[in-house]
Amino acid sequence: APPFASSSYSEVSGDLQYVRFLTTAGYGPVRWSGIRIGETAIEEYDEVTIEAPEGMPDDPRISLYPRQIFEENIGTELTRPVPRDDAGKVISGPAVETPVVRYTGLDAAGAYAIFSFPSGLVSFDKKGKRHPMTVLIRIRQRLAGTTDWQLVDTASIQRRQTEGFNVSFEWAFPSRGRWEVEFTRMTTEHISDRIQSRSVLSVLQTIRPEYPLAFARPLALMAGRIKATHQLNGTLDTLNAMCAVLCLDYDHVTGVWVPRETSNPASLFLHVLRSGALARPVPDAAIDIPLLQDWHDYCRIKGLKYDRVIDFEISLRDLLAEIAAAGRARQRHD
């Protein structure tokens, strides 16, 4: 279950909602296979795009997750209720303006909001015929700590749809910083049972244009974009995959070391010594390569293997001792 390299987030295209994610298998090179969500293969889902570089030094930047997105799930209904008495009966008077205010993260360059209409957006005449319905949502902003609101836009959402749907709105801020954003429904609450127009502020995202990763060593990454509508319920916490380290493995037929997947303890012992995860990788001249080749043959003949996910802190000495023990050996530092 690879950890997230950055937080996943939602986006809307048309009436469909998608989720983007970015995970890592740690230091490369690592080969990905058998990607699943829970027990279901990723190929069983519709509209899935996966980008999974192995973590080579010349890997290009991830294109499916090019910028920093911080998502806040809100789920607050946007209302403009008509006045009522203590008994809940509608009385005369202007509708009550009810703004919803939220803050972006620090150093925000822009924002992305998702509005949900869980009951659709439609009106019916007395014969049951559907007609378009429009809801207006005003968006205003101000830099945190200031007093004057700036109008961003008044979004006009019109549909003739009885099924729930989402719409999105993205905009850039005049300057980088932490911004206070106000969302106000301008359309008065409908009390007729022939009109469906419930509106919800579902998500507010902080956008920063910078690449989400700043790491000096090559990482094995997996980014994806998957349709969430009618497919996903909740988060991608059950995302999992098979991962195999690509490292030098001794080929007893040709007598040379070749890069490939392997579980041979001798190959993994060498891989750890030379790994980019070390502050000071051991040079080849300081490694007894011929002795490792003999040990490799022993492990191959005896069927000895080492398979473990190292996603925790461990000292170099302890890890080498553990790999050596899997091959019925012990490390020796001359």
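Student: Which residues touch the most other members of the largest nonpolar core?

Tutor: Keep in mind that this is a predicted model, where local features need pLDDT of at least 70 and side-chain atom pairs count only at pLDDT 80 or more, while totals for chains, interfaces and linings use all residues. Residues are numbered from 1 along each chain as its sequence is written, and side-chain values use heavy atoms, with hydrogens and water left out. A nonpolar core is a set of buried Ala, Val, Leu, Ile, Met, Phe, Trp, Tyr and Cys residues joined through side-chain atoms within 4.5 Å, and buried means under 20% relative accessible area, exposed over 50%, and partly exposed in between (1.4 Å probe, protein chains only). The largest core has 25 residues, and those touching the most other members are F115, F117, I157, W171, F183 and L201.

Student: Which elements give two or more residues to this core?

Tutor: Elements here are DSSP runs numbered from the N terminus: helices are H or I with at least four residues, strands are E with at least two. Nonpolar side chains tend to be buried together in soluble globular proteins. In this core, the elements are β6, β8 (108-117), β11, β12 (150-159), β13 (165-177), β14 (179-185) and β16 (199-208).

Student: What does F183 touch, leaving out residues up to four places away in sequence?

Tutor: Contact means heavy atoms within 4.5 Å. By that rule, F183 touches L78, T98, P99, V100, A113, F115, R138, I139, W171, L201 and L204.

Student: Which residues join R138 in one salt-bridge network?

Tutor: A salt bridge is a side-chain nitrogen of Lys or Arg within 4 Å of a carboxyl oxygen of Asp or Glu. R138 is buried at 13% relative accessibility, whereas E97 is partly exposed at 38%. Through shared partners, the network joins R138 with R80, E97, R140 and E182.

Student: E11 pairs with R225, but how many residues apart are they?

Tutor: Side chains of opposite charge can pair when their charged atoms come close. The closest N and O atoms of E11 and R225 are 2.5 Å apart, and E11 counts as buried at 14% relative accessibility. E11 belongs to β1 (residues 4-13) and R225 to β17 (residues 219-227), which puts the two 214 residues apart.

Student: Which element gives the most to the lining of the largest pocket?

Tutor: A pocket is an open set of points on a 1 Å grid over the protein atoms alone, where a 1.4 Å probe fits, with protein on both sides within 12 Å along at least five of seven lines; lining residues have an atom within 4 Å of a point. The largest one is lined by 36 residues, with A25, V245, R308, V309 and I310 nearest its centre. Elements giving two or more of the lining residues are β2 (16-27), β18 (239-251), α1 (265-274) and α3 (316-326). The biggest contribution, five residues, comes from β18.
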